[in-house]
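Thanks for asking me to look this over. Have the sequence and the 3D view open side by side while you read.

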Amino acid sequence: GSARALAFSRDGSSLLASGGDAEVYTWDLRKQECLHRYANEGGTVTSALACTNPVRGWTPGQPGADGFTVVGSESGVVNLYDTRRISDVGSRVSTGAALPQVMRPTPYRSVMNIRTT
């Protein structure tokens with residue numbers, strides 16, 4: 001599919017890309033390979049991506065302690081994914097193929113019907 005939104009990870013080692021297929025791809029910039037690939041739940045064409053910093057004061061292992069990945073779609077759905085959970089699940093399902101198989105994680109939080117004109 002086409003890339004319509006890009007975001008660097010908070011440490012700058014990865015690039016997230018998403019677009020017409022509503023799948024989010026995490027690329028390792030040093031190794032030049034796709035680490036994770038997941039479907040944006042309830043989303044259509046991706047229009048925005050962002051990576052947050054870790055949430056201060058949260059207990060390690062708690063959702064958001066390592067930050068969130070925020071995915072917005074043209075349908076008005078905005079999903080927050082726990083960055084640690086995506087990394088953990090992605091490392092287990094990687095098959096060594098050119099692209100990892102598509103994961104279907106559950107968002108930590110979702111906001112519906114956000115639209116701009």
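Below are my notes as numbered points, from the overall layout down to a pocket.

1. First, the ground rules. This is a predicted model, so local features need pLDDT of at least 70, side-chain atom pairs count only at pLDDT 80 or more, and totals for chains, interfaces and linings use all residues. Residues are numbered from 1 along each chain as its sequence is written, and side-chain values use heavy atoms, with hydrogens and water left out.

2. Start with the parts list. The protein has 1 helix and 8 strands. Helices (H or I, at least four residues) and strands (E, at least two) are DSSP runs, numbered from the N terminus. Going along from that end, the order reads β-β-β-β-β-β-β-α-β.

3. Next, some totals. Of the 117 residues in the protein, 37% are buried; buried means under 20% relative accessible area, exposed over 50%, and partly exposed in between (1.4 Å probe, protein chains only). The accessible surface is about 6,900 Å², and carbon and sulfur atoms hold 50% of that. Those areas come from the Shrake-Rupley method with a 1.4 Å probe, and for residues only the protein chains shown count as cover.

4. Now the sheet with strand order 1-2-3-4: it is open, has 4 strands and pairs antiparallel. Its edge strands are strand 1 and strand 4 (33–39), each pairing on one side only. From one strand to the next, the twist averages 20°. Here, two strands pair if DSSP finds at least two bridges between them. For the angles, axes are lines fitted to C-alpha atoms (for helices, over the stretch in contact), and angles run from 0 to 180 degrees between N-to-C directions.

5. Zoom in on the pairs. Strand 1 and strand 2 (residues 14–19) run antiparallel, joined by 5 bridges, and Ala-3 has Gly-19 as its bridge partner in strand 2. These two strands make a hairpin with 5 residues between them, and Gly-12 in the turn has a positive phi of about 80°. Strand 3 (residues 23–28) pairs with strand 4 over 6 bridges, again antiparallel; there, Glu-23 is partnered with Ala-39.

6. The other sheet to find is also open, with 4 strands in the order 5-6-7-8 and antiparallel pairing. At its edges sit strand 5 (46–51) and strand 8 (109–111), each pairing on one side only. Its twist averages 15° from one strand to the next. Strand 7 (residues 78–82) meets strand 8 over 3 bridges, and Leu-80 has Arg-109 as its bridge partner.

7. Is Ala-7 buried or exposed? This residue of strand 1 (residues 3–8) counts as buried because its relative accessibility is 10%. Leaving out residues up to four places away in sequence, Ala-7 touches Ser-14, Leu-15, Leu-16, Leu-49, Ala-50 and Cys-51, where a contact means heavy atoms within 4.5 Å. Look at Leu-49: Ala-7 is 42 residues from it in sequence, but the C-alpha atoms are 5.8 Å apart.

8. Last, the largest pocket, with about 380 Å³ of space. Of its 19 lining residues, Ser-9, Ser-14, Thr-26, Thr-83 and Ser-87 are the closest to the centre. Strand 2, strand 3, strand 4 and helix 1 (83–93) each supply at least two lining residues, and helix 1 gives the most, with 4. On a 1 Å grid over the protein atoms alone, a pocket is an open set of points where a 1.4 Å probe fits, with protein on both sides within 12 Å along at least five of seven lines; lining residues have an atom within 4 Å of a point. Grid points are joined across faces, edges and corners, and the volume is the space filled by probe spheres set on them.
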